[in-house]
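Please read this note with the model open beside it. The points below can be checked one at a time.

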Amino acid sequence: MKKALTYILFITVIVGLGALSGVSNMPGEWYQSLEKPFFQPPPWIFGPVWTTLYVLIAIAGARTWLQAPASGRMQVWFMQMILNFLWSPAFFGYQSPILGLVVIIPLLVAILAFIRLSWNADRVSAWLFVPYAAWVTFATLLNLSIAVLN
């Protein structure tokens, strides 16, 4: 029962905070006025992608918490979550692609660090972060492109 509650808590909190961050930092007119690269995905894709990613991130976090709550892996997991939730306010809230880069680059490093730290200890958690790493790599390129174009 404790395991199930841990998973439910992690998923609820992470998906909920992700949704709150998204709703609180909507792109708006400023973002619409920016020049964007040709590979900019359609707006409707971000909600489903991030919801899926937040579930995967939460499962990896719950697994890590249950296995080693005071470990370096868990600390890196929390660090990447803080950076993740800071990106939208940095980019959209402050209307700053440069500030977005200042947040997203360490975020990507933290995601890759979590994968590396989890690889031997919990391969499932490491693999759960692979789609997240791929998406944030793409988002970093998108963020950089917007910064360069504007």
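1. Start with Trp77. Leaving aside neighbours within four places in sequence, Trp77 is in contact (heavy atoms within 4.5 Å) with Phe10, Ile14, Ile57, Ala58, Ala60, Gly61, Phe114 and Phe129.

2. A word on the source. This is a predicted model, in which local features need pLDDT of at least 70, side-chain atom pairs count only at pLDDT 80 or more, and totals for chains, interfaces and linings use all residues. Residues are numbered from 1 along each chain as its sequence is written, and side-chain values use heavy atoms, with hydrogens and water left out.

3. The overall fold comes next. The protein chain has seven helices and zero strands; both are DSSP runs numbered from the N terminus, helices being H or I with at least four residues and strands E with at least two. The radius of gyration is 16 Å, close to the 15 Å that the globule rule gives for 150 residues, so the chain is as compact as a globular protein of that length. That radius is taken over C-alpha atoms, and the rule is 2.2 Å times the number of residues to the power 0.38. Along its principal axes the C-alpha trace spans about 50 × 25 × 20 Å. Of the contacts with a separation of 6 or more, 77% join residues 24 or more positions apart.

4. Now the interior. Buried residues make up 42% of the 150 residues; buried means under 20% relative accessible area, exposed over 50%, and partly exposed in between (1.4 Å probe, protein chains only). The largest nonpolar core has 41 residues, and those with the most contacts inside it are Ile57, Trp77, Ile111, Phe129 and Tyr132. Such a core is a set of buried Ala, Val, Leu, Ile, Met, Phe, Trp, Tyr and Cys residues joined through side-chain atoms within 4.5 Å. H1, H2 (28–33), H3, H4 (72–93), H5 (97–121), H6 (123–128) and H7 (130–149) each supply at least two residues of this core. The largest share, ten residues, comes from H4. In soluble globular proteins, nonpolar side chains tend to be buried together.

5. How many aromatic pairs does a search of the whole structure find? There are 21 aromatic pairs. Rings of Phe, Tyr and Trp (its six-membered ring) pair if their centres lie within 6.5 Å; planes under 30 degrees apart count as stacked, over 60 as edge-to-face and the rest as tilted. The rings of Phe10 and Trp65 have centres 6.3 Å apart and planes at 50°, so this pair is tilted. Phe10 lies in H1 (residues 2–24) and Trp65 in H3 (residues 46–67), 55 residues apart, and the pair thus links distant parts of the chain. Phe10 is buried at 11% relative accessibility, whereas Trp65 is partly exposed at 37%.

6. Another tilted pair is Trp50 and Tyr54, with ring centres 5.2 Å apart and planes at 35°. These two residues are four apart in H3, a separation of about one helical turn. Tyr54 is buried, at 8% relative accessible area. Trp50 and Tyr54 belong to one aromatic cluster with Phe85, Phe114, Phe129 and Tyr132.

7. Last, Ala90. This residue is in helix H4 and is buried, with a relative accessible area of 5%. Not counting residues up to four places away in sequence, Ala90 touches Gln95, Ser96, Leu99, Gly100 and Val103.
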